[in-house]
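These are my notebook entries on how the parts of this structure pack together. I went through helix pairs, sheets, domains and the chain contact in turn.

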Amino acid sequence: MTQKSLRILQLYPRDMNIYGDWGNTLTVLRRAERHGISAEVIDYNPGDEFPKDIDIVIGGGGQDSGQLKIQDDLQQLAPTLRELAEDNVPMLAICGLYQLFGHFFKTKDGDMIKGIGILDIETYGSNERLIGNIITHSERFGDIVGYENHSGLTYLADTTQLLGTVTKGAGNNGKDHTEGACFNNVIGTYLHGSLLPKNPVIADWLIEQACMRKYGEFTPADIDDSLAQHARETAMNRPR
Amino acid sequence: MRTQSTILVGKTIKQLMRLRGGGSALPGLVAERIDPGFMQRTLAQLPRGVVLISGTNGKTTTTKMVVELLESQGLTVFTNRTGSNFTRGVTAALLGSVNALGKLDADIAVLELDEAHAVHFVRRVKPTYSLFLNVLRDQLDRFGEIDHTARLLKTIAEATTDGIVINRDDPRIGSTAFYGDVSAKTVRSYGVDAQLLKLFPSDDSMREADAVVTTTQSTILNNDTSLVSVDGQSAVIRYADTDHSVSLKLKGVYNVQNAVGAVALTRLIMQADLDESAMFTALESVEPAFGRGETIIVDGQPLELVLVKNPSGFRLSLSSFDSADTAIMIAINDNYADGRDMSWLWDVDFESLVQQGVAMVSGVRAYDMALRLDYDKVQFDTVNPSLSAALKQFLSTHSDSPKRIFCTYTAMLALRKELSKIAEVEVIS
């Protein structure tokens with residue numbers, strides 16, 4: 001059997017990295033290694049040439065100023081990212097990039113920031129910030145624990161697949177109990193904390209989808225997740 | 001009459017709280033409720049006014065430095081030492097310092113205030129001078145974004161009457177958008193020479209391969225104070241074309257940077273009356289503030305408490321303190337004062353601990369920390385969320401070596417309390 005290898009793209013790590021987003025990339029990197037797969041992280045910042053043969057895309061959250069910096073570049077990249085999403089490349093977009101993976105972000109002042117429309121969602125700025133520990137239940141991943149901190153309120157189209165249902169916290173908009181959105185192997189969510197370290201099942205799913213797409217097979221290793229398990233239990237019992 | 005009854009009630013609660021052993025801000029809270037004008041009336045008596053120190057990191061240590069530098073100039077200084085840097089913490093400290101008639105025996109007040117509380121404070125008391133240290137990623141669960149934090153600090157700058165001092169190397173504070181249109185009579189800057197900037201990476205450069213720090217925003221204002229060289233705890237500070245060599249007791253490059261800020265502020269306050277040699281003598285003898293690199297002797301071995309509360313502070317602490325031959329414990333809590341979001345731990349690089357490992361991981365979020373270390377391939381011996389049990393085991397297992405505990409704010413307070421049972425620990429009230 002030849003050595004499997006994955007190329008992980010970090011989308012805009014310089015401008016969109018505000019909530020421990022490195023934790024997500026690092027978790028995929030380390031868990032791939034533990035599954036016996038060599039992995040390489042490639043940074044993509046505005047103006048860079050988009051690298052070929054990418055197997056996983058991970059993007060993080062940013063401040064409003066970070067979103068402005070990447071906005072034009074993201075529009076140029078939109079056709080490439082849409083093509084990868086159609087082609088079942090697994091992607092994880094957190095918070096700021098989750099919003100921009102949708103159709104648009106309309107700020108509370110009425111300005112429209114265009115998204116790239118991979119996810120069938122719309123986001124509206126609000127005066128309230130939804131902040132705190134959050135638990136979301138997903139059929140695919142079980143309980144997802146994380147932390148949310150956003151003032152954008154996101155609404156899904158009727159047909160949009162959600163990531164999960166909020167059991168504690170606010171989620172997409174604080175009203176309909178939905179959290180996150182999916183399309184093919186693309187996951188968008190407000191959850192950080194960081195997301196993947198305490199939700200290794202999602203990290204493994206991204207790795208699995210990438211391997212299935214590239215090699216048609218994936219044999220998971222038996223990884224001791226007791227630290228993550230303890231950390232999850234603590235997080236689930238903390239105040240909002 | 002009102003002042004006197006406020007003081008009586010406040011002082012009584014303060015004493016009761018001390019007997020109970022806790023809560024530095026409660027008497028202040030009560031005094032604020034029964035007499036909202038107490039703080040501004042009392043501070044308004046001060047002949048040289050009020051100095052405010054704010055920013056994300058370094059407030060407590062810098063405040064301590066400024067207090068001691070001003071005392072070296074013959075001033076009597078009132079300050080809030082407890083690190084309870086809310087307005088009610090200031091009120092509580094005032095209650096402890098005024099006499100029964102409400103007279104505060106001081107020339108000047110030097111106060112550290114958290115960004116959000118400083119905004120409330122300046123609505124009631126206009127600072128005479130203020131010093132702005134930095135804006136870093138910290139407690140985003142409270143402030144939302146660091147650009148928002150910068151706006152809070154700007155409100156303080158705008159309320160300051162006589163003079164502000166800015167860290168010109170901070171991407172936000174050092175920009176003309178921050179200080180260009182303030183009404184204070186004087187704006188002074190401090191900073192480090194260009195070749196030293198790489199020692200002070202900002203959050204903006206955190207994930208850049210070669211931590212390129214741009215100096216384009218850095219404006220050196222007239223009468224600037226600069227750090228021109230640093231080697232461990234020795235530094236050369238330059239102003240008015242003259243170099244001054246100093247050797248600090250404080251560890252950490254960030255404390256050298258804070259010292260430059262403290263000198264710049266002292267120069268501004270004292271103007272032509274400055275006694276330079278007294279100022280530098282005082283600077284060299286400043287000891288660490290409680291929990292900020294403070295050393296406690298336990299069983300004949302030094303134990304350092306290093307407060308960590310955000311990515312840049314933790315990164316700088318790891319790079320500033322040599323870990324060789326030192327047993328390391330890390331204690332992470334997630335109470336309100338620590339910040340509830342654990343994301344920040346993932347923005348700290350722990351690879352410098354790979355070689356020697358970590359002896360003990362503790363605090364409410366011990367397992368988050370252990371998981372973080374695991375993904376950086378740092379070995380750790382024990383994980384125990386209970387601070388008292390973890391401390392006990394850490395001390396007994398490493399009784400023969402120097403020790404260091406990196407801890408969040410509430411973990412630090414709890415550990416100091418535990419340590420005070422077995423060692424000499426300065427009481428802060």
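Entry 1, a helix pair in chain B. I am working from a predicted model, and I began with helix H14 (residues 387-397) of chain B, which packs against H15(B) at an angle of about 60°, the two axes being 10 Å apart. That angle makes H14(B) oblique to H15(B), and I noted that the crossing of the two is right-handed. I then looked up the residues that meet, and found Leu387(B), Ser388(B) and Leu391(B) on the side of H14(B), facing Ala411(B), Ala414(B), Leu415(B) and Glu418(B) on the side of H15(B). Sorted by class, this contact holds five nonpolar residues, one polar and one charged.

Which strands form the open sheet of six in chain B, and in what order? I read the order as E10-E11-E15-E12-E13-E14 (chain B), with mixed pairing. Strand E10 (292-298) and strand E14 (380-384) of chain B are the edge strands, each of them pairing on one side only. On average, and with direction ignored, neighbouring strands of this sheet are turned by 20° against each other. Helix H15 (residues 409-420) of chain B packs on the sheet, where it touches E10, strand E11 (301-307), strand E12 (327-331) and strand E15 (403-407) of chain B, and its direction makes about 155° with that of E11(B).

Chain B is divided into domain 1 (2-284) and domain 2 (292-420), with 17 residues of domain 1 in contact with 16 residues of domain 2. On the domain 1 side, helix H4 (59-72), helix H7 (140-143) and helix H10 (253-270) of chain B each supply at least two residues, and that side divides into six nonpolar, six polar and five charged residues.

The contact between the chains takes 29 residues from chain A and 26 residues from chain B. On the side of chain A, the elements giving two or more residues include helix H1 (22-34) and helix H2 (64-86) of chain A. Within chain A, the axes of H1(A) and helix H5 (residues 200-215) come within 10 Å and cross at roughly 70°, and H1(A) and H5(A) are therefore roughly perpendicular to each other. This crossing is right-handed, and among the residues that make the contact are Val28(A) and Arg31(A) of H1(A) and Leu206(A) and Ile207(A) of H5(A).

Technical notes. Residues numbered from 1 in each chain as written. Chains lettered and ligands numbered in written order. Predicted model: local features only at pLDDT ≥ 70, side-chain atom pairs only at ≥ 80, totals over all residues. Contact = placed C-beta atoms within 7 Å. Helix = DSSP H or I, 4+ residues; strand = E, 2+ residues; numbered from the N terminus. Axes fitted to C-alpha atoms, helices over the stretch in contact; angles between N-to-C directions. Parallel < 35°, antiparallel > 145°, perpendicular 65-115°, else oblique. Left-handed = near helix turned anticlockwise from the far one by under 90°. Pairing = 2+ DSSP bridges. Domains from an automatic or database assignment. Nonpolar A, V, L, I, M, F, W, Y, C, P; charged D, E, K, R; others polar.
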